[in-house]
Amino acid sequence: MEKPIGKVTDMGKFYLSKAKDKPTVSRRIYKTRVKRVADFLHLIGQERIKSKPLAAKLFEELEQMTKRLIDGLPKTRLNIAYVDRTVITDGALEDFVEISKPDSEYNPFKEPVVRLRNYLIIRTFYETGLRCSELLALRISDIGTETDSPKLVIERRHGSKSDPSSIEPTAKTLGREIFISKGLRDLLYSYVKRQRRLTNSAKKHPFIFVTHQEKKGSYKAGEPLTNRTISNVFKCLREVNPDRFANITAHAYRQFFNDRLSAHIDEMNKMTRGQMIRIKLEGRTE
């Protein structure tokens with residue numbers, strides 16, 4: 001028997017409710033979300049209709065639908081920039097990854113194993129755009145074993161008995177899979193097999209990233225990382241070049257990832273639009 005889903009809002013009841021204390025989001029967030037929903041529906045629609053006999057006509061109707069969704073938004077400036085380029089200069093996010101490499105002369109950390117772990121943390125943020133809580137919750141089993149298309153599996157595991165943390169790190173949204181480079185996949189496996197396994201506490205839980213330096217009265221080597229450790233890693237790396245790396249955080253990499261994803265979707269839209277034009281020129285309108 002399936003368990004009832006908790007904390008799910010019935011949007012129909014929410015809309016009809018006369019309560020004055022309804023939780024809301026800001027106008028900027030509302031507009032951004034509607035814009036993203038419109039873009040997503042447009043993309044899915046293109047894929048569904050491109051091979052239909054009336055593809056050209058359906059494509060025009062799809063364009064009109066998308067336009068109506070966006071035109072219905074409040075007439076104020078829509079700020080959908082994911083990364084403020086005036087705050088984080090071009091190339092700074094990539095340079096931040098470079099200085100975090102274990103062999104970088106600018107890497108501020110002393111212990112080789114800490115250098116490697118911190119580099120994997122930064123590179124994972126760079127390639128996946130994960131939330132901090134999602135990275136902390138990554139398990140060894142979440143590393144995909146696919147040879148050609150490696151990926152990380154992000155899952156929600158609320159109330160996990162295998163989590164020794166006082167504050168449980170969990171994914172904020174639904175589970176998903178994110179493709180990563182073969183290089184990152186191999187380094188993660190290497191870290192787990194060579195460095196992580198040497199710590200006693202790491203044998204008691206499945207989380208990938210662990211502590212490697214014991215602190216008397218606080219924690220032992222091998223325990224799951226916390227938000228504080230992630231913040232400290234970014235703080236130490238930012239101090240290498242405070243002017244260039246100011247404002248670089250885990251969230252900045254999430255925004256950067258979304259920026260690249262949006263650009264990829266836009267490129268796919270252009271390609272599909274080109275296919276629609278060719279269909280129309282070929283006379284496939286009936």
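**Notebook: a first look at the predicted model**

I began with burial and noted that 37% of the 286 residues in the protein are buried, where buried means under 20% relative accessible area, exposed over 50% and partly exposed in between, with a 1.4 Å probe and protein chains only. I kept in mind that this is a predicted model, in which local features need pLDDT of at least 70 and side-chain atom pairs count only at pLDDT 80 or more, while totals for chains, interfaces and linings use all residues. Residues are numbered from 1 along each chain as its sequence is written, and side-chain values use heavy atoms, with hydrogens and water left out.

**Elements**

I counted ten helices and two strands, taking helices (H or I, at least four residues) and strands (E, at least two) as DSSP runs numbered from the N terminus. Read from the N terminus, the order is α-α-α-α-α-α-β-β-α-α-α-α.

**The strands and Lys151**

I looked next at strand β1 (residues 151–154), where Lys151 and Val153 on one side and Leu152 and Ile154 on the other are all buried. Strand β1 runs antiparallel to β2 (residues 176–179), and four bridges join them; strands pair if DSSP finds at least two bridges between them.

Why does Lys151 count as buried? Lys151 counts as buried because its relative accessibility is 13%. I found its bridge partner in β2 to be Phe179, and its side chain makes a polar contact with the side chain of Glu177 at 3.1 Å (a pair of N or O atoms within 3.5 Å; within protein, one must be able to donate a hydrogen and the other to accept it, and residues adjacent in sequence count only if both atoms are side-chain atoms).

**The core**

I then turned to the largest nonpolar core, which has 44 residues; such a core is a set of buried Ala, Val, Leu, Ile, Met, Phe, Trp, Tyr and Cys residues joined through side-chain atoms within 4.5 Å. Among the residues with the most contacts inside this core are Leu188, Phe209 and Tyr253. The largest share of the core, seven residues, comes from α5.

**α5 against α8**

Finally I checked how α5 and α8 pack, and their axes come within 11 Å and cross at roughly 95 degrees (lines fitted to C-alpha atoms, for helices over the stretch in contact, with angles from 0 to 180 degrees between N-to-C directions). The two helices α5 and α8 are therefore roughly perpendicular, a label for angles of 65 to 115 degrees, with under 35 roughly parallel, over 145 roughly antiparallel and the rest oblique.
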